[in-house]
Amino acid sequence: MVDRDVTDLHREFGGERLPPGQRETPGFPVFSKSDTPEVDREDWTLTVTGAVEHEREFSWTAFRDLPSETQRQDFHCVTGWSRLDATFTGVPFPVVAERAGVREAASHVLFHAHDGYTTNLPLEQCDREYVLFAWALDGDPLPPDHGGPLRVVTPHRYAYKGAKWVSGVEFLTEPRRGFWEKRGYSDAADPWAEDRYG
Ligand SMILES: Nc1nc2c(c(=O)[nH]1)N[C@H]1C(S)=C(S)[C@@H](COP(=O)(O)O)O[C@H]1N2
Ligand SMILES: [Mo]
């Protein structure tokens with residue numbers, strides 16, 4: 001059962017469903033900068049820090065108690081493959097933002113992950129229903145290689161904007177570049193504008 005189908009969000013960005021220069025892939029490739037880190041649910045936390053009213057630290061059970069939904073989404077990797085019609089279940093970004101109370105001064109978000117990965121987005125691009133903290137893929141627990149127990153997905157941006165094994169969300173008052181953004185990938189990462197390199 002899908003609560004929300006966002007495979008038409010390309011219309012908002014003025015493009016075709018398959019962004020320019022992308023090809024559809026049948027499977028779901030794994031793409032990581034390094035090995036899959038071991039993340040234990042027992043001592044798992046998600047921290048929400050920075051320009052917020054109330055810094056938070058969610059345990060796995062507390063996070064799973066937040067309102068969640070299942071969405072049908074497309075997934076576009078900057079290296080050229082797109083996985084269409086993935087089904088992700090998780091908590092929409094605005095739910096997490098609302099729990100922490102985002103301060104007026106916040107303008108950007110930096111995600112942190114257990115493999116040392118980071119990635120950044122402007123708050124306005126991040127505070128969207130379809131930016132999901134996902135724990136399930138196609139009805140099964142999110143596999144470790146794909147970022148389990150919890151990852152972020154960003155169907156409106158190249159997939160490097162979605163941190164696998166996410167450990168923290170930091171609200172910033174000025175932009176800061178993440179792992180790939182520092183190494184030459186685009187800050188904007190709009191697939192329909194083909195913003196691949198920065
Ligand atoms: N923590 C972390 N998140 C990450 C990455 C990574 O190396 N580490 N790679 C990014 C890139 S470039 C892509 S394309 C997607 C790949 O997700 P997948 O392995 O589930 O296909 O994760 C993104 N998130
Ligand atoms: Mo990617």
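Author: Helices (H or I, at least four residues) and strands (E, at least two) are DSSP runs, numbered from the N terminus. By that numbering, histidine 10 is in the loop between strand S1 (4–5) and strand S2 (23–24). This is a predicted model: local features need pLDDT of at least 70, side-chain atom pairs count only at pLDDT 80 or more, and totals for chains, interfaces and linings use all residues. Residues are numbered from 1 along each chain as its sequence is written, and side-chain values use heavy atoms, with hydrogens and water left out.

Reader: Why is histidine 10 called buried?

Author: Buried means under 20% relative accessible area, exposed over 50%, partly exposed in between (1.4 Å probe, protein chains only). Histidine 10 has 11%, so it counts as buried.

Reader: What does histidine 10 contact, leaving aside its neighbours within four places in sequence?

Author: Contact means heavy atoms within 4.5 Å. Histidine 10 is in contact with Gly15, Glu16, Arg17 and Trp192, leaving aside neighbours within four places in sequence.

Reader: Why does leucine 121 count as buried?

Author: Its relative accessibility is 0%, and therefore leucine 121 is buried. Leucine 121 lies in strand S8.

Reader: What makes tryptophan 44 and tryptophan 60 an edge-to-face pair?

Author: Rings of Phe, Tyr and Trp (its six-membered ring) pair if their centres lie within 6.5 Å; planes under 30 degrees apart count as stacked, over 60 as edge-to-face and the rest as tilted. For tryptophan 44 and tryptophan 60, the centres are 5.0 Å apart and the planes at 90 degrees, an edge-to-face pair. Tryptophan 44 lies in the loop between S2 and S3 and tryptophan 60 in helix H1 (residues 60–64), so the pair ties together parts 16 residues apart in sequence.

Reader: Why is the pair of tyrosine 117 and phenylalanine 179 called tilted?

Author: The ring centres of tyrosine 117 and phenylalanine 179 are 5.7 Å apart and the planes stand at 40 degrees, so the pair is tilted. Tyrosine 117 is buried at 8%. Phenylalanine 179 is buried at 16%.

Reader: How do you know that arginine 183 lies over the face of phenylalanine 179?

Author: A charge sits over a ring if NZ of Lys or CZ of Arg is within 6 Å of the ring centre and within 35 degrees of the ring normal. Arginine 183 is at 3.7 Å from the ring centre of phenylalanine 179. The charged end of lysine 33 also sits over that ring of phenylalanine 179, 5.3 Å from its centre.

Technical notes
Chains are lettered from A and ligands numbered from 1 in the order in which they are written.
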